[in-house]
Amino acid sequence: MATFSAADHRYMARALRLAERGRYTADPNPRVGCVIVREDGAAPAIVGEGFHRRAGEAHAEVNALAAAGERARGAVAYVTLEPCSHTGRTGPCAKALVEAGIARVVVAMEDPNPRVSGRGVALLQSAGVKVETGLLADDARRLNPGFIARMETGRPLVRLKMAMSLDGRTAMASGESQWITGPEARAEVQRLRARSSAVLSGVESVRTDDSRLTVRAAQLGLENADEAARRQPLRVIVDSRLRLPETAACLAEPGRTLIATVPGHDAEKRSALEAAGAEILILEAGADGRVSLAALVAYLAAAEAVNELLVETGATLAGAMLDAGLVDSLWLFMAPTLLGAGARGAFALPGLERMADQRRLSIDDVRAVGPDWRIIASPLPAGAPGDTKVP
């Protein structure tokens, strides 16, 4: 087990902050930061730093090495994720560190991809570079929960977002829902969209609200809002009966709209939607004859490299996602208002008839967002006792 100094902790913390700058732009790649430090002279000094901004562009290590130049020779590199050892759209970062003459590499966490994990470290060590791993590893994992989930489980991290009244209602009986929460909560939802690889909704919700499911720079509340909104998440609509109209607003928006449906639909209807800008994905049907949500989530991870999936939908699909065990966390934005018993509920969960049937949640975080409250909760296994992490 390596022993790390206070300076090691300080420089890795800096690398983690740099990696955060790729929160909205690096997808589907992981968010990575790198700091290069020279330890000769009176005091150590940062000579180069960088982060991974966007897929297809230079990785964090390459950006840091470019900033350091010749000063990288004999220096220490602090990297939040194991340097890659393979050639993709860019060259292997481990090789770049070796060629630059880096003497020591401190890595927060190894690559979670089982096909490449450890190979970057091995390449560095075989070239005589001293490598130490595990510094602030938990912080590094929190940077890339979706990427890690996809690599380790074959499915994305799934967040289910709901905006509701204090009495748990999401819309009036007519479907009218704009707006329950205030602008601060809506800005936070925009930031959730911006960091997500894809946004998933049901056709009924999209039809009712004519949802665009886009990231809107003006509502993000970020200094780099235009850059964050440049990458639009993949829009995914579950539409088992192919009822989305060709005039749907989301089809005219920048980026891609994927309609997940089942076999057997009229070719003319499919062609009309494709001509309007949709991509049709035909998946196996579940026992109810509708799209298998498990198959859809697995497809999004495997074929679309979706790391973080944001579900924004109505009660039926929300309940089905929970029933299928596909939700990792619920993000509930609760407004200080009452809509009454006649308004629409948040989750359609049939079969809950006794207290023993209730779905328990772990409360992970509660905080005010403008006049509203944001509750983050995680589903617990069936039969588990309630658990609250936040007093």
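Predicted model: local features only at pLDDT ≥ 70, side-chain atom pairs only at ≥ 80, totals over all residues.
After α11 comes G277, which has a positive phi, near 120°.

An open sheet is built from 5 strands, arranged in the order β2-β1-β3-β4-β5 with mixed pairing. Its edges are formed by β2 (45-51) and β5 (130-133), each of which pairs on one side only. On average, and with direction ignored, neighbouring strands of the sheet are turned by 15° against each other. Strands β3 (residues 76-79) and β4 (residues 104-107) run parallel and are joined by 4 bridges. Within these strands, A77 stands opposite V105 of β4. Helix α1 packs on the sheet, where β1 (33-38), β2, β3 and β4 are touched by the helix. The direction of α1 makes about 145° with that of β1.

The largest nonpolar core comprises 42 residues, and the most contacts inside this core are made by M12, I36, Y78, I102 and V105. Helix α1 (residues 6-20) is the element that gives the most to this core, contributing 6 residues. When residues up to four places away in sequence are not counted, I102 touches I36, L65, A72, A75, A77, L97 and V129. Another core, of 34 residues, lies apart from the largest one; M162, V236, V306 and I375 are among its members.

Note on methods: Residues numbered from 1 in each chain as written. Heavy atoms only, no water. Helix = DSSP H or I, 4+ residues; strand = E, 2+ residues; numbered from the N terminus. Core = buried A, V, L, I, M, F, W, Y, C linked by side-chain atoms within 4.5 Å. Buried < 20%, exposed > 50% of the residue type's maximum accessible area, 1.4 Å probe, protein only. Contact = heavy atoms within 4.5 Å. Pairing = 2+ DSSP bridges. Axes fitted to C-alpha atoms, helices over the stretch in contact; angles between N-to-C directions.
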